[in-house]
Every structure is written in C-alpha cells, then in structure tokens.
Amino acid sequence: MSRVFHLQAHDAQLFDLICEELQRQTDHLEMIASENYTFESVMEAMGSVLTNKYAEGYPSKRYYGGCEVVDRIEELAIERAKKLFKCQFANVQPHAGSQANMVVYHALLKPYDRILSMELNSGGHLTHASPVSLTGKHFQGFHYGLNAEGWIDYEEVLRIAKVVRPQLIVCGYSAYPREVNFKYFREIADEVGALLMGDVAHIAGLVVAEEHPHPFPHCHVVTTTTHKTLRGPRGGMILSNDAQLASKIDRALFPGMQGGPLMHVIAAKAVGFLENLKPEWKTYAVQVKRNVQALAQVLLEHGFELLSGGSDNHLLVIRLKDFSGKDAQLALDSAGITTNKNSVPGDTRSPVLTSGLRLGSAALTSRGMQEADFTFIGNKIVEVLNNIHDRDFHARTRGEVVAFSKQFKTYDVPIF
C-alpha cells in the first residue's frame, strides 16, 4: 500500500486538505516570485525514512550512532552543491535561507557590528539587518536604496559604505528585477575593508545556468535557498571558497544555531542539485527570463509602471498609484492569479498595504508555459487591475484562468 493510501486511511481530513491544495495549485496561476513547483523525485526523498534519523554534527563527526548512511547522503549533497556553484565549500544543513543568513552573521561578525544592505522598500530582505528582524537587533543595520529609475547606484553605495564603514556588505535581493554586479560590490567592500556576502536565494537557479553573473569569485560567502528558482526542497545553504570562513560557518551553524539536520531535506537537496546539473536546466532558466520579459512587455504596453522599467531575471515589480498592492493581490487572487503585494522605493503606504505588486515566472515556467502563455496571463492581469473593484468581473475571469491553467500539469497525486 502506498503512503498516499496510508494517509487517506489514517487521517482522511488532512489527506483531503492536501488534495484541496493540489487542486488550488493546479487551478491557479502561481506567480509569487519565491515559489516554484519542485520535482516529484524531491518530494519522494522528503517523504522517505530519512525523516527518522538524528544526525547532529557533520559527516564522520556525529553525536549519534548509526549515521554511516546519512553521512554518505550529506557528502553527496555537498559534492553536488560544490560542483553546481563551482566552489570549494558548502554547508547544506541550514533549514532555511533566513537561518543561513543568521549563521553567516554570527560566524563572521561580533554583536552590534555594522551591516550594509539594501533597504526593505527597495527589494532587500528582512534578514539583511532590517530593524524588525532579529538580525537588525543583534547587529547595526545601515542601508542603501535605488535611484529614481529603480536601479542600484553603485557610486552611491560606495559613498554610504565610506561613511558607515561596515564589517559586512550584503548584495542579492528579494525584489530587485535587475542583475547584480558582484564585481563592483567586491571593489566597494575591499575599499572599506568589509566582507561581502551574496544572498542569491532568488537568482540561484539563473546563476548556475549562467543566465546571471556569478557571485564567485567576488563574494567571500554566498547564501541561498534551495527552492525558488532552483526548484529543490524548501531549505538553505551556505557556500564559500575560503577554508577559514567555512570552518567558522560550520561551527556557527552547529552547535551554534541548529541541532539535528533534516536528513530527508538534505537528501532532497541532493536530488534537486542533480536536476540543476543536467543540460536541460539551461533551457529552463532561459525560458524563465523570456517569460518574464513577455509579461513585462504586456504590462508596459498597457501603461503600467515597472520598477527599473523591466526585468533581467525571473521577477518584476509593478508600482501602483490608484490602489494598493493589497487591493491588487486580493483582486488577482479572486481571479485565480496568485501574487504578492510588495513595498517599493519611496512607498507612502504601510507595509500592510504597499504600493507595489511582485510577479515571478519561475513556477509557471516549471509547468511548461512559454512566451505566448505569459502574454495571455499579462492581458488577464491588466483586465483585472483595470476592473479592480468589479467582483463579478473577477469571477468571470477566474473561470477563464482556471480553464487555461488546467492545460498545464502539476502533479498526478498530492504526495509520493
């Protein structure tokens, strides 16, 4: 009997909810830039007997017995990660990108050291020393933003860095639609005597396909999630080419921040990395970029303002004027299009409302959609936003969206 039927027999309520979520993911157009549809093989690894095993420590240095098999699994994940990112050291144990960032800070900085990063409204992340995050309470956060056109002004970053004299500079973002110039950031870091951390959580899948500039050799340390554009399981990872820094990071993660690693997730990471190493991955990454550009073209043709005027990666951000990002998100959700509100530079609305909307192409590209499909989707988004308060119109559009979405496969069964 498969696990599917075990769950159905022992917890029909939860089984039904999982089936309901599968239906939602099939019927809706998932356009949240930080989401994706992972591989079935990844889900199989995550649902395996590896969830039973405690393995505190690192391969060959565990605090529990019976780790001879999971040692080999973690070593496999590490070797694939190093090959994928062309680096010398990889820690695959972080439970999430947020933990990965926190580990780096505690490994390389002292309490209340200065971190220079992009401000939240411009596309930065909470864990980049935002004042509302623990990272902003344990360390001093200073921030750079975007210029009037929505681009990073590297000369301005250098000017701020010279004033702040940070111990660490962070580059790589959650809502920046353009390429990151890691080389320029390293020059800035060297000039002020700072370490450089690249958070490539959003762009990692493009980086490994050589569809975005690589953070190495410019960054001292790189953090990433393993889902988003990599399509792996939800989790984090820390990478480096510096043996000293890597050793400090390992100690900061265990025993410093985390206990037992999630061996079923580490195995799933290894599965995902193998997929990323295949030649077909390049084709996927190219299509991700083509799709978001097709979407941007439709929005621009209909007069919508995009942050920086477009996109070089997998996401774009619409700057809204007449209504809030929350209103846009709710309207699109009622029409079957899943997005997220997002703050924008100079936002006059609260973070609860925002004046922006973030859209991503990675998840729908995973379902096989191409430029013509994103043109259709872009026109549906335009129609909904132009009829923002017409609920009947949203309902009619939802029918069209569901019929369109059902043409593209998600999964045959909810769990494996």
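Leaving aside neighbours within four places in sequence, which residues is Phe85 in contact with? They are Ala204, Val208, His214, Phe216, Thr224, Leu230, Met237 and Leu239, where contact means heavy atoms within 4.5 Å.

This is a predicted model, in which local features need pLDDT of at least 70 and side-chain atom pairs count only at pLDDT 80 or more, while totals for chains, interfaces and linings use all residues. Residues are numbered from 1 along each chain as its sequence is written, and side-chain values use heavy atoms, with hydrogens and water left out.

Phe85 belongs to the largest nonpolar core, which has 69 residues. A nonpolar core is a set of buried Ala, Val, Leu, Ile, Met, Phe, Trp, Tyr and Cys residues joined through side-chain atoms within 4.5 Å; buried means under 20% relative accessible area, exposed over 50%, and partly exposed in between (1.4 Å probe, protein chains only). Among the members that touch the most others are Phe85, Tyr144 and Tyr173. Helix H4 (residues 68-85) gives the most to this core, with 7 residues. Helices (H or I, at least four residues) and strands (E, at least two) are DSSP runs, numbered from the N terminus. A second, separate core of 33 residues includes Met31 and Ile388.

Next come the rings. The structure holds 13 aromatic pairs. Rings of Phe, Tyr and Trp (its six-membered ring) pair if their centres lie within 6.5 Å; planes under 30 degrees apart count as stacked, over 60 as edge-to-face and the rest as tilted. The ring centres of Tyr105 and Phe139 are 5.8 Å apart and the planes stand at 70°, so this pair is edge-to-face. Tyr105 lies in helix H5 (residues 97-108) and Phe139 in the loop between helix H6 (134-138) and strand S6 (140-144), so the pair ties together parts 34 residues apart in sequence. Tyr105 and Phe139 are both buried. Tyr144 and Tyr173 also pair edge-to-face, at 6.4 Å between centres and 85° between planes. Both of these tyrosines are buried.

Charged side chains make another set of links. Side chains of opposite charge can pair when their charged atoms come close. There are 19 salt bridges, each a side-chain nitrogen of Lys or Arg within 4 Å of a carboxyl oxygen of Asp or Glu. One of them joins Lys406 and Asp27 at 2.9 Å, N to O. Lys406 is in the segment after helix H16 (391-405) and Asp27 in helix H2 (residues 12-27), 379 residues apart. Lys406 counts as partly exposed because its relative accessibility is 47%, whereas Asp27 is buried at 14%.
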